[in-house]
Amino acid sequence: MSNRTSLRGRRPLATAAALVLLTTGGVAAQFTASTAGAAGAPLAATPPMGWNPWTYLRCSSTLNEKTVKATIDAMVTSGLKAAGYQYVNLDDCYAATQRGADGRLQPDTVRFPNGIASLAAYAHSKGLKFGVYSSAGTATCAGVGPGQKGFPGGQGHEAADADTWYSWGVDYLKYDACNSLPPATNDPGNTARYQVMADALKAAGQRYGRQIVYSICDPGRNVETWAPAIGNLWRTTGDVGLKYGSMVANFHENSAYSAYAQPGHWNDPDMLLTGNYPTGDSSRPGLTPEEERSQFSLWAEMASPLILSTDLPGRLNELNAGVERGKNTFNVLLNKDVIAVDQDPLGKQGTVVSKTDLLPPLAPGKTRDRLDQRFATILTKPLANGSRAVTLTNEGDQPRAMSTNTTEIGLRGANNYTVKDLWTKKVTVYTGSYFTFTVPAHGTVMITVTPTN
Ligand code: GAL
């Protein structure tokens with residue numbers, strides 16, 4: 001489907017580059033992109049939260065105005081908006097296959113008979129923000145294949161497209177990399193091409209008096225080394241598949257880049273899978289409720305964008321009818337304690353403090369499939385109030401006792417520590433510095449640890 005899949009095997013290079021930047025203290029110097037939004041307010045000061053249809057709808061005919069409007073309504077009535085979910089974003093397949101005679105992007109008028117501007121205005125009228133998608137190449141990613149063609153891409157049309165999006169009232173752009181030329185030999189990634197759109201967004205934004213959030217989607221080209229200087233968030237991984245192995249693989253990949261996250265600039269391990277089980281397709285079974293809580297915890301611990309991708313009106317009907325899937329969807333998405341960790345103003349991404357391989361050693365010369373690895377992993381994330389948020393994740397198929405201590409998570413010196421379990425809400429005061437938890441199979445225990453005295 002995508003013509004850049006082959007580039008996604010280049011993680012070791014990315015890791016090497018990350019280490020160089022860290023040891024030279026180059027990270028701060030990289031962050032030169034504009035972070036100002038309307039009236040100078042910081043743009044994406046905390047990780048963006050919202051909805052995107054791609055994981056569950058792709059380009060199906062259900063991707064249309066009626067669905068998006070119903071989703072906007074459900075964002076408000078379900079309490080998601082009040083909890084901080086702000087963006088309603090389109091992904092691929094909203095545009096007409098051809099540009100207009102004036103060279104401008106046009107909406108697919110079968111899907112969106114009243115155009116995109118009216119949809120953005122509808123989102124704004126409900127207090128939400130609105131996003132679109134395009135690609136830095138000549139065509140977008142969907143529909144690329146024999147006899148098919150993607151939708152118009154931005155290459156060579158950057159200024160006009162940026163102007164179009166601002167004129168529609170767009171607040172957020174996800175910019176993919178399909179059908180673009182290979183990077184220049186002196187360009188470690190796709191810097192030049194993404195910079196052209198960054199400049200176009202900035203120039204048009206100055207005319208419109210506000211700035212669009214710029215989400216870069218170019219995983220596998222050392223993106224973390226160049227995207228922080230250009231955009232507000234950047235995909236560090238391939239697409240998250242609707243299955244547990246894919247979710248944890250994206251978690252582990254993304255966890256390597258914690259040094260690059262800071263207010264206005266976020267690593268993006270792709271969307272939340274919450275609310276999409278069972279699919280009836282064994283290759284995309286969705287996550288169990290335990291696994292959904294695990295993803296939500298890990299994404300928050302990594303200060304990741306919280307972009308959900310499910311049929312919200314459907315889940316809301318299920319919630320109102322007492323159906324388990326709907327109840328679980330909102331139980332996960334509305335966990336305010338976990339959201340608060342994600343949105344913590346300090347803007348630090350949690351770092352790995354311990355990682356244990358749970359599978360037997362491999363025979364010499366064998367390697368494990370990316371989707372078939374199992375670890376027990378502990379992360380710690382400093383919070384603005386001096387506490388730490390900690391995740392203990394068990395990818396094994398049996399419950400597991402997992403322990404950590406105050407030194408490991410970066411705290412010490414207090415006599416007592418108040419520990420809050422962010423899912424059970426149980427609060428315990430510990431005297432002493434060791435904590436042990438029983439972590440369910442495929443589960444994550446998420447706690448905050450606060451030095452008490
Ligand atoms: C992929 C991208 C997905 C989705 C899709 C649309 O390249 O990673 O998140 O945007 O393109 O075609």
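Helices (H or I, at least four residues) and strands (E, at least two residues) are DSSP runs that are numbered from the N terminus. With that naming, Asn-114 is found in the loop between strand E2 (87-89) and helix H6 (115-125). This is a predicted model, in which local features need pLDDT of at least 70 and side-chain atom pairs count only at pLDDT 80 or more, while totals for chains, interfaces and linings use all residues. Residues are numbered from 1 along each chain as its sequence is written, and side-chain values use heavy atoms, with hydrogens and water left out.

Asn-114 and Glu-65 are 49 residues apart in sequence, yet their C-alpha atoms are 8.0 Å apart in space. Their side chains are joined by a polar contact of 2.8 Å, a term for a pair of N or O atoms within 3.5 Å; within protein, one atom must be able to donate a hydrogen and the other to accept it, and residues adjacent in sequence count only if both atoms are side-chain atoms. Asn-64 lies in the loop between helix H3 (54-57) and helix H4 (65-77), and a polar atom of the Asn-64 side chain lies 3.1 Å from the backbone oxygen of Ser-61. Asn-64 has a relative accessible area of 19% and is buried, where buried means under 20%, exposed over 50% and partly exposed in between (1.4 Å probe, protein chains only).

Two strands pair if DSSP finds at least two bridges between them. Strand E4 (residues 172-176) pairs with E5 in the parallel sense over 4 bridges, and Lys-174 stands opposite Ser-215 in E5. E5 also pairs in the parallel sense with strand E6 (residues 233-235), over 2 bridges, and in E6 the bridge partner of Ser-215 is Leu-233.

**The ligand**

| Residue | Atom in the residue | Distance to a ligand oxygen |
|---|---|---|
| Asp-92 | polar side-chain atom | 2.7 Å |
| Ala-142 | polar backbone atom | 3.3 Å |
| Lys-174 | N or O atom in the side chain | 2.8 Å |

Taken alone the ligand exposes 310 Å², of which the protein buries 97%; accessible areas come from the Shrake-Rupley method with a 1.4 Å probe, and for residues only the protein chains shown count as cover.

**Aromatic rings**

Rings of Phe, Tyr and Trp (its six-membered ring) pair if their centres lie within 6.5 Å, and planes under 30 degrees apart count as stacked, over 60 as edge-to-face and the rest as tilted. By this rule the count comes to 10 aromatic pairs. One of them is the tilted pair of Tyr-194 and Trp-226, at 5.5 Å centre to centre with 40° between the planes. Tyr-194 is in helix H8 (residues 191-208) and Trp-226 in helix H9 (residues 223-226), 32 residues apart, and both Tyr-194 and Trp-226 are buried. The rings of Phe-296 and Trp-423 have centres 6.5 Å apart and planes at 65°, so this pair is edge-to-face.
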